[in-house]
Amino acid sequence: MAPDRAIGRYRRWYARLLRLYPRPFQDRFAEPMAQTFTDLCRERTDANRGLIGFALATFAETTAQIMRENMTQLMQTRAVIRWVLITAAVLAVPLLAMVFKIGVPDPGSGTDGVNWGPMDFAVMGVLILGAGLLFEYAASRAGNVAHKLAVGIAVAAGLGLIWVNLAVGMIGDEGNAANLMYVVVLFVALVGASIGRFEPREASIAMFATAAAHTVVAVIALAVGLGPTLPADAFFVAAWVASALLFRQASMRAAVASGTK
Amino acid sequence: MLHILLALSTEERHGYGIMKQVERESHGKVKMGPGTLYGSLGRMMEAGLIRESDKRVDPAMDDERRIYYTLTGLGREALSAELDRYREVVAVANEKRISPSAFADGT
């Protein structure tokens, strides 16, 4: 491949990666960073050195910095404090129920009351906080209300799916290995949205794909007689589809606003 | 950050120019990727140590227009203060007759 063509291709990929920076950083530095990357590529090709290793190393270095800048931005906002408080409030419910022995039936533990161990609190805390920060990150890239709502529904559905599977299991009980099929559903949602950089059009496709993956899992479970919880599956599929439709609406609104439609 | 301040102390430079100058002045020991460089530039701009200069073509390179970065008055003061601090540290080491090879044997 001719060096200029290869450099052009790597620059396009690098420019796509730079879109993961927080918007203000991106607006200020994306262009000079892409230029500097191109200069470094030229320096290597002029010295008859390969580009693949250099490009991979630079992509990894820049990815680490992207994570740092996004974390810095999150910490600067009140998002982290807000979600720590929300997590504490949610975890306080089972804690208080245990302390005051409030008789809330807990099918997961097979007891008449809530009976959470330290690991239950830790896992749930990480899940809620992680989902909250993921929502903040994705919502910070949202340009309109439909986009934010779509992100909220998708994150809530993902969190709910994990929660239900850990607590009682969508198929059988929480110990049933068939529930691992739902990991594929979450994988499609997360990887699809990430590849599309949480842009509404791409995220819409990812959410439709997630709804399809969830439907396939439910159909497989039904076909092999695993006894899936169809109402719960229907609820989650509806949530994925609702999120997809909202992402699509957000994409159309954004196109109208920018006059590109 | 000190390396970037030093690189900009003599003239304004664009991103690639800063990288190469830092590499030259550190004898190849300090190599920054674009993510690290522009992350530092962003923080230094926020701190008022440097600012963007004009956007122009570098005649030694291609015909793309590039943003140049230059030291502010505060940046010059910060560089001067930091160099003074280093000189004082080296002076103390000299008074104690500690040379760079003093601990080479690991003792």
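Read along the sequence, chain B follows the pattern α-α-α-β-β-α. That comes to four helices and two strands. Helices (H or I, at least four residues) and strands (E, at least two) are DSSP runs, numbered from the N terminus. The model is predicted: local features need pLDDT of at least 70, side-chain atom pairs count only at pLDDT 80 or more, and totals for chains, interfaces and linings use all residues. Residues are numbered from 1 along each chain as its sequence is written, while chains are lettered from A and ligands numbered from 1 in the order in which they are written.

Stay with chain B for a moment. It has 107 residues, and 25% of them count as buried. A residue is buried if 20 or more other C-beta atoms lie within 10 Å of its own, exposed if 12 or fewer, and partly exposed in between; the C-beta atoms are placed from the backbone. Next come the contacts. Two residues are in contact if their C-beta atoms, placed from the backbone, lie within 7 Å. Take the contacts in chain B with a separation of 6 or more: residues 24 or more positions apart account for 43% of them.

Two residues of chain B deserve a look. B:His27 sits in the loop between helix H2 (15-25) and helix H3 (34-46). Its phi is near 55°, a positive value in a residue other than glycine. B:His27 counts as exposed because it has 7 C-beta neighbours inside 10 Å. B:Arg43 belongs to helix H3 of chain B. B:Arg43 has 14 C-beta neighbours inside 10 Å, so it counts as partly exposed. In sequence, B:Arg43 and B:Met1 are 42 residues apart; in space, they are 9.4 Å apart, C-alpha to C-alpha.

Now turn to chain A. It has nine helices and zero strands. From the N terminus on, the elements run α-α-α-α-α-α-α-α-α. Of its 261 residues, 28% are buried. Among contacts in chain A between residues at least 6 apart in sequence, 61% join residues at least 24 apart.

What about the inside? A nonpolar core is a set of buried Ala, Val, Leu, Ile, Met, Phe, Trp, Tyr and Cys residues joined through C-beta atoms within 7 Å. The largest such core has 35 residues. Those with the most contacts inside it are A:Ala150, A:Ala154, A:Met207 and A:Trp240. Five helices of chain A each supply at least two residues of this core: H5 (118-140), H6 (145-167), H7 (181-195), H8 (200-223) and H9 (230-258). Leaving aside neighbours within four places in sequence, A:Ala154 is in contact with A:Ala189, A:Met207 and A:Ser243.

How do helices pack here? Two packed helices are described by the angle between their axes and the distance between the axes. Axes are lines fitted to C-alpha atoms, for helices over the stretch in contact, and angles run from 0 to 180 degrees between N-to-C directions. In chain A, helix H1 (residues 3-18) and H2 pack at an angle of about 150°, with their axes 10 Å apart. H1(A) and H2(A) are therefore roughly antiparallel to each other. Angles under 35 degrees count as roughly parallel, over 145 as roughly antiparallel, 65 to 115 as roughly perpendicular and the rest as oblique. By class, the contact of H1(A) with H2(A) has eleven nonpolar, three polar and two charged residues. Ala, Val, Leu, Ile, Met, Phe, Trp, Tyr, Cys and Pro count as nonpolar, Asp, Glu, Lys and Arg as charged, and the others, Gly among them, as polar.

With 7 C-beta neighbours inside 10 Å, A:Asn48 counts as exposed.

Finally, see where the chains meet. The contact takes 14 residues from chain B and 15 residues from chain A. On the side of chain B, H2, H3 and strand S2 (65-71) give two or more residues. The largest share, six residues, comes from H3(B). By class, this side of chain B has six nonpolar, six polar and two charged residues.

One helix pair spans the two chains. The axes of H2(A) and H2(B) come within 8 Å and cross at roughly 50°. H2(A) and H2(B) are therefore oblique to each other. A:Pro32, A:Gln35, A:Thr36 and A:Asp39 of H2(A) meet B:Gly15, B:Tyr16 and B:Met19 of H2(B).
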